[in-house]
Amino acid sequence: ELFREYESDLIRLLGCVDEKLEGVEIDPGSSKHSLPDAERQLKQADQALRQMENEVRTLPTEERTSVEPRVRQFRADLGQRRKAVETAKQSADRASLLGASNGATMLGRSMQDRERMMGAQEQLESASGRLDQAQRQAFETEQIGLDILNDLRDQRDTIKRTHANVGEIGASVAEAKMLLDSLLRRARQNKIMTYAILALLAIAAAGTFFLVHGSPSPKATPSVAKRKDSASWAAAA
């Protein structure tokens, strides 16, 4: 919401600067008042753009990626307007030094004064060029800093996601370990039960074998002796 408000203010201020520049082109005499107003509006536009950049830093990654190109384009547009205002100021200063465009005279200036003025104007233009270059370098440095901040923010998000994934993996490993321990305990219990059942089966088999194939009982011996005596008597008869 704040980003849109700052964006609306920036667009309005850039439009006002364009109107001032068009007015100076139509009426060069209005530069005395129009250009200072344009410079003031450029400063306000720069402040609005800085607020937009601060708001962009607080946006989520996906939304920030979508609005960053617009912010960079606004920064480039602001630089163009600043350069256009500076050029208009230089033209107005040159006109005031050398005379108006309607063919007025040099207002009594001698050629020597004119040369000094031209030299001063060239020095002013050179200083203005160096200032523009310094501003561009500062802007590029600021953009690099913003890119670094964005990269650090992305890396922080990646580290957070990785940390969360590691925590989930650790929980899964602990759960798997518990399940494996439970399976091992059950396997040991089943093994013990199997050995016990085998032992019981062995005891039962031994008992059955003893009952089936064991020695005859003592009560059966007299009957056999009686049968042998009967057989002897029968043979003697």
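User: How are helices and pockets defined here?

Analyst: Helices (H or I, at least four residues) are DSSP runs, numbered from the N terminus. On a 1 Å grid over the protein atoms alone, a pocket is an open set of points with protein on both sides within 12 Å along at least five of seven lines, and lining residues have an atom within 4 Å of a point. The model is predicted: local features need pLDDT of at least 70, side-chain atom pairs count only at pLDDT 80 or more, and totals for chains, interfaces and linings use all residues. Residues are numbered from 1 along each chain as its sequence is written, and side-chain values use heavy atoms, with hydrogens and water left out.

User: Which helices each supply at least two residues of the lining of the second largest pocket?

Analyst: They are H2, H3 and H4. Among the lining residues are Glu39, Arg82 and Gln135.

User: How much space lies in the largest pocket, and which element gives the most to its lining?

Analyst: A volume is the space filled by probe spheres set on the points, which are joined across faces, edges and corners. The largest pocket holds about 380 Å³. Helix H3 (61-98) gives the most to its lining, with 7 residues. Gly79, Arg82, Gln135, Arg136 and Phe139 lie nearest the centre of this pocket.

Note on methods:
On a 1 Å grid over the protein atoms alone, a cavity is a set of points where a 1.4 Å probe fits but cannot get out, and a pocket is an open set with protein on both sides within 12 Å along at least five of seven lines; lining residues have an atom within 4 Å of a point.
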